[in-house]
Amino acid sequence: MHNPTRNSKSTDKKKVVAIVGGGLVGALNACYFAKRGFEVEVFECREDIRQAKIVKGRSINLALSHRGRQALKQVGMEEKIVSKGIPMHSRMIHSLSGKQSPIPYGKKGQYILSVDRANLNKELLTEAEAYPNAKMNFDHKLLDWSTETGAMTFVGPGGVKEEIKVDLIVGCDGAFSAIRKQFMRRSRFNFSQTYIPHGYLELTMPPINGEFAMKANYLHIWPRNTFMMIALPNLDKTFTCTLFMPFDEFEKITTGYEVLEFFQKYFPDAIPLIGEEDLKRDFFRLPAQAMVSVKCSPYHLGNKCVLMGDAAHAVVPFYGQGMNAGFEDCLVFNEIMDQLNEDLSAVLPEYTRVRVPDDHAIADLAMYNYVEMRAHVNSKWFLFRKYVDNFLHIVMPTTIIPLYTMVTFSRTRYHEAVKRWHWQDKVINQGLFICATASALGGSYMIFKNSHKISNIPFEKLLTRLQELANF
């Protein structure tokens, strides 16, 4: 049982906060507000996943990194969640030939964690419920709410209507947020959603003789330019494999034979690990799922309502920052509450001002990273630039910081990380161009200086030497 703490400058009367959505961000927010001493009511339209026989919803594995860990740390949950995650130190690239090549995420000792979505959600709900001033309301669907009064109407179990009046409404109800619909009725509310032409389909790679079928501490990637497959490790020694591919490519595969033919062509090393029969069955178990990117602003209405997580900024999953950005929303809001003494009329607009540019930046980065993961990792130039960036980071650790390091292993604001990345990219490319130009001029000078010697070399021998250099 937790003892909530109150800000010394807040009033004696406890404010009531309604959190709509009992997913990851909603459950974590409940911990933050309850810890502050607010009366917290969480409303979730689905049943309690801790009691559900089948957990509905997305199941893409989550990659927990620094931002998410810092948010969990503030409510005392970091160690518990980290202990149930599997460290991934590198990407493991699988070529068509079956060759495996690791690309480290950062410096030695830096890693991201593969965590199970459902288990994380259960842990957060249990933690929130341990506060005496927090109440969970499952099977409650939002019917209506008022931005002026904070009055809310829900339909509970059995179709019974329930009304509640609150001081603050926090919309954490996902990419298709019911709370956000009220925002869209207002003027000067900006909103956009983009479905990418790719879908995803999940497969399971079982253990072999009770052990992982592949090396466990890696995020495995099969990049194939226009599509890719990834695999993340689970605590039960399975891997969750996710195939990301254009919908029109999914639609071409209609039989078990065509599935095997497709995998034999593009992912031959994965077939014996997944199993032919399991592959043919699981491929058609569910249709490919869509992925949407949502941007909006502002994130608040007056001093009564604020959006967080996917309700404010759903992102495609290719930078591993969707959950981390949502958790950081909770942390940033909490920091602003400290700075402005819980004055909601000041906190909400400041939260919008601070958070919107960062969330829009990570939405764009997630789109970019899909191209990097499925195509660029096959490029020798990409790998060369990775080594150059990492070398410069070692030599000048405060001047040159790789983009992935800023996003994943620090709390550098997302939009500032993007600005710095563009500046670094420009400087490094100019430096490489100058080096290449100097090398070319130096080579030309040496050829000119030794032209009388070169003229005496037979043409066939000179051509052979040039080909050897090109091959090198």
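Biologist: How do you know that strand 5 and strand 14 (residues 218–223) pair, and in which sense, parallel or antiparallel?

Modeller: Two strands pair if DSSP finds at least two bridges between them. Strand 5 and strand 14 have four bridges, in the parallel sense, so they pair. In that pairing, I93 has I221 of strand 14 as its bridge partner. Before we go on: this is a predicted model, where local features need pLDDT of at least 70 and side-chain atom pairs count only at pLDDT 80 or more, while totals for chains, interfaces and linings use all residues. Residues are numbered from 1 along each chain as its sequence is written, and side-chain values use heavy atoms, with hydrogens and water left out.

Biologist: And what makes something a strand here?

Modeller: Strands are DSSP runs of E with at least two residues, numbered from the N terminus. Strand 5 covers residues 90–94.

Biologist: Why is strand 5 described as largely enclosed by the rest of the structure?

Modeller: Because five of its five residues are buried. Buried means under 20% relative accessible area (1.4 Å probe, protein chains only), exposed means over 50%, and partly exposed lies in between. Both faces are covered: S90, M92 and H94 lie on one side, with R91 and I93 on the other.

Biologist: What joins strand 5 to strand 6 (residues 100–104)?

Modeller: Five bridges do, and the two strands run antiparallel. M92 is partnered with P102 of strand 6. Together strands 5 and 6 form a hairpin with five residues between them, and G98 in the turn has a positive phi of about 100°.

Biologist: Why is S297 called buried?

Modeller: Its relative accessible area is 15%, which is under the 20% limit, so S297 counts as buried. S297 belongs to strand 17 (residues 289–297). Leaving aside neighbours within four places in sequence, S297 is in contact (heavy atoms within 4.5 Å) with R188, F189, N190 and V356.

Biologist: Which strands pair with strand 12 (residues 168–171)?

Modeller: Strand 1 (residues 16–20) pairs with strand 12 in the parallel sense over four bridges, and V20 stands opposite G171. Strand 19 (residues 305–307) also pairs with strand 12 in the parallel sense, over three bridges, with V170 opposite V306.

Biologist: Which way do the residues of strand 12 point?

Modeller: L168 and V170 point one way, I169 and G171 the other, and all are buried. In a regular strand the side chains alternate between the two faces of the sheet.
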